[in-house]
Amino acid sequence: MNFVIRVATKDDAKDVHDIYGAYVDGEHVTFTEINPSIEEYAEKIEHTLKKYPFYIAEDDNHNVLGYVYGSPLRPHDAYRWNVESTIVLSPDAPRRAGIATALYEKFEESLAALGYRYIYAVIVDTNEASIALHDSLGYQEVGHFHNAGFKMGKWKGIVWMAKSIGDEEESPEEPKPYIHGLIDMNKRP
């Protein structure tokens, strides 16, 4: 299957909304109970791109197959070298086609070039496919919070996974904002 990885724009907000919304009513992928509006997604894309990558995978017909983006791990300054990732594939995207791997490879490459050190993923503990994906990409489980959220009449836990993408030097340089680190982010995988 042919697809490209490109930088998201606010024009992708409807596709991002629809893809994420397909999982909101399910219990095993997200704890979100109400899908944000298209306008909120447009703002999220623009806000995210000021600091972190937000990539879209799309096929030759410009159908969005999935996306990945970064956000702060925690609000405290000392966490600034860490990024929390979110990756979501369209329910219609072909599985085992390398889409998630290509998204993550571009995402990790960009974050490392900007000076970030760790990527964290927070995964509902019943989402075995996502846990397996992260494991295959070199992420390691660093925590498991049982019964962390209650959705659709059931308690579910979360698994925290982490991956080092940089050196743990004593005095790291400040991570650069994504917008200033943009070089050639529209290459084919």
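1. Let us start with tyrosine 52, which is buried, its relative accessible area being 5%. Buried here means under 20% relative accessible area, while over 50% is exposed and anything in between is partly exposed (1.4 Å probe, protein chains only). Tyrosine 116 is buried too, with a value of 0%.

2. A word on the model before going on. This is a predicted model, in which local features need pLDDT of at least 70 and side-chain atom pairs count only at pLDDT 80 or more, while totals for chains, interfaces and linings use all residues. Residues are numbered from 1 along each chain as its sequence is written, and side-chain values use heavy atoms, leaving out hydrogens and water.

3. Back to the rings. Those of Phe, Tyr and Trp (its six-membered ring) pair if their centres lie within 6.5 Å; planes under 30 degrees apart are stacked, over 60 edge-to-face, and the rest tilted. The count by this rule is 11 aromatic pairs. One of them is the tilted pair of tyrosine 52 and tyrosine 116, at 5.6 Å centre to centre and 40 degrees between the planes. Tyrosine 52 sits in the loop between α2 (38–48) and β2 (54–59) and tyrosine 116 in the loop between α3 (99–114) and β5 (118–124), so the pair ties together parts 64 residues apart in sequence. Helices (H or I, at least four residues) and strands (E, at least two) are DSSP runs, numbered from the N terminus. Elsewhere, Phe54, Tyr67 and Tyr69 make up one aromatic cluster.

4. Next, look at arginine 117, in the loop between α3 and β5. Arginine 117 is buried, at 13% relative accessible area. A polar atom of its side chain lies 2.7 Å from the backbone oxygen of aspartate 167. Leaving aside neighbours within four places in sequence, arginine 117 is in contact (heavy atoms within 4.5 Å) with residues including Trp81, Lys163, Asp167 and Pro172.

5. Now for a helix pair: what is the angle at which α1 (residues 13–24) and α2 pack? The angle is about 110 degrees, with the axes 8 Å apart. Axes are lines fitted to C-alpha atoms, for helices over the stretch in contact, and angles run from 0 to 180 degrees between N-to-C directions. The two helices are therefore roughly perpendicular to each other, a term for angles of 65 to 115 degrees. Residues that meet here include Val16 and Tyr20 in α1, and Tyr41 and Ile45 in α2.

6. Finally, asparagine 35 lies in the loop between α1 and α2. Its side chain reaches the backbone oxygen of histidine 17 at 2.8 Å.

Notes. A polar contact is a pair of N or O atoms within 3.5 Å; within protein, one must be able to donate a hydrogen and the other to accept it, and residues adjacent in sequence count only if both atoms are side-chain atoms. Angles under 35 degrees count as roughly parallel, over 145 as roughly antiparallel, 65 to 115 as roughly perpendicular and the rest as oblique.
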